[in-house]
Structures are given as structure tokens and as C-alpha cells.
Amino acid sequence: MIMAAPAVEGAAVSALRSVLHRVRQASEKSGRKAEQVRVVGVSKTKPVSLIRQLYDAGHRCFGENYVQEIVEKAPQLPQDIEWHYIGHLQSNKVKSLLAAVPNLAMFESVDNEKIANHLDRLIGNAGREPLKVLVQVNTSGEASKSGVEPSDCVNLVKHVKLGCPNLEFSGLMTIGMPDYTSTPENFRSLKNCRIEVCKALGITEERCELSMGMSGDFEQAIEMGSTNVRIGSTIFGPREYPKQQVR
């Protein structure tokens, strides 16, 4: 395993460059610039050494799905990394997340008022700058998925925007299917939610990001308006789960 590590890491850098090229092509196809689409390298189950290789290659935006992974990895890596936390978070884990990751750039998965209130309170107590957040919408209707129903999206966004001064509402996100792909209907549903949110808040669509698209569908997501794609296995290779993960 030790002998193989450099080859694996080299492959990840090549994969990142390939993904960035595909992002550029999809952006141009949708009439936008590649710089308008953020690529989050989702490093779930992958070692710090591999993230560092991608950092050294120039990438700065990474995401994690489990609290124990991000709190272990972030302190070992440069402070100019922009970390995204992606996925459901239990309220009792918020304090450890904020303490260990001062460079947390975005919390992508506000899926209820309780977690919004908890984040808001702890960020305020810590004297941190307002944290950018996305409201997660369950566009597929799967019971296993977190996120508000599309019909409740506006209410949760209003709560974050008007009732949580230490949170900066930045947009909406949706999680893909189990095979890391979504259908055009999922993407259209999130776009429709953005239309309703922008109308309710009186803001332009440019001020409401869309985080949609993963390894299997990010090009289609970009063509349909995504501003934030979350790429894991296509960059890092298949994920490895040595033991049961606890969020």
C-alpha cells in the first residue's frame, strides 16, 4: 500500500484536471464562464496526504460529509483551504465542527430550523464572521434523504434570512441519487425553488446559488444552472469504508 500511494495521488491530480476541463466545457455550453462554477473536491474517507497533493496542484475547495473526518483533517492542512460541510449534521456536533474548522467556508445542508438556530447561536457566541449556508431541498422525495420538501423551502429560507443574523443565506442544494446521479426533474425542481425563493425575498437569481451535481451528473447539472458541484469519487477514486461511520 505504501508503495502504491504516490501513483494513486498522481492519478487524483490528473483526475482533477480532467474534471476541471469538463466543467469548463459544460460551462461554456451553458453560456457561462468556468469561474462561475465552484468545484468542491469531496474527500470523504480519503487521507490528508491525498488532499495535500490536490492542494499543491492548486485546488483550494474541499468538502467532507462526516464531522469526525473534517475535524481530524482540517487542522493538518493549510488554513487557506475553503472547507464545505455537506450532509445532515446533529446539533450536538456543531460546536466541535466550528471549533476545529475556523476556515469552514460554507455549510451546505441546513435542512431544518433547529440546525439553523444552533449554528446561528454558536457562531454568534464564538464571535465568528457570518457563515455562508445553503438550504437543502429534498427534490427526489426519498424518505432516506434529508432536506425540506420543495413546498416548505421558502419558509426555511425566510427563517435563515430573517431570523439567523449569524448565517448568510447563499442558496439552495440537493443531494443526488444513491449512484451519485440525479434526473433533470431533480434539477428543475431546485431551479423552481430558486424562482420562488428569489420572488419571496426580492433578490436576483445571481444571489441564490444552486449546489447540484455530483460525480455522475455534474456536467448536466452545470448545463442546467448549477454554480457548485460536489465531486468525490471521480477525483479521489472509489471510497473506502473500513468501519461504520458516525455522522
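Which residue in β4 does H84 stand opposite? I started my notebook with that one, and I found M106 across from H84. A reminder to myself before going on: this is a predicted model.

**Entry: β3 and β4.** I looked up the strands around that pair. Strand β3 covers residues 82–85, and three bridges join β3 to β4. The two strands run parallel. I then followed the chain from β3 to β4 and passed through helix α4, residues 94–100. This β-α-β crossover is right-handed.

**Entry: β4 itself.** Is β4 mostly covered or mostly open? I checked residues 104–110 and found that six of the seven are buried, so I noted the strand as mostly covered, taking buried as under 20% relative accessible area.

**Entry: β4 and β5.** Next I turned to strand β5, residues 131–136. Three bridges join β4 to β5, and these strands run parallel. On the way from β4 to β5 the chain goes through helix α5, residues 113–126, in a right-handed β-α-β crossover.

**Entry: helix α2.** Which residues are buried in α2, residues 48–56? I listed V48, L50, I51, L54 and Y55. Looking down the axis of α2, I saw these buried residues fall within an arc of 160 degrees, so they line one face of the helix. A handy rule to keep beside this: an α-helix has 3.6 residues a turn, so residues three or four places apart point the same way.

**Last note.** Just after α2, I came to G58, which takes a positive phi of about 115 degrees.

Technical notes
Residues are numbered from 1 along each chain as its sequence is written. This is a predicted model: local features need pLDDT of at least 70, side-chain atom pairs count only at pLDDT 80 or more; totals for chains, interfaces and linings use all residues. Side-chain values use heavy atoms; hydrogens and water are left out. Buried means under 20% relative accessible area, exposed over 50%, partly exposed in between (1.4 Å probe, protein chains only). Helices (H or I, at least four residues) and strands (E, at least two) are DSSP runs, numbered from the N terminus. Two strands pair if DSSP finds at least two bridges between them. A crossover is right-handed if, with the strands pointing away from the viewer, the path from the first strand over the helix to the second runs clockwise. The arc is that of the directions from the helix axis to the C-beta atoms.
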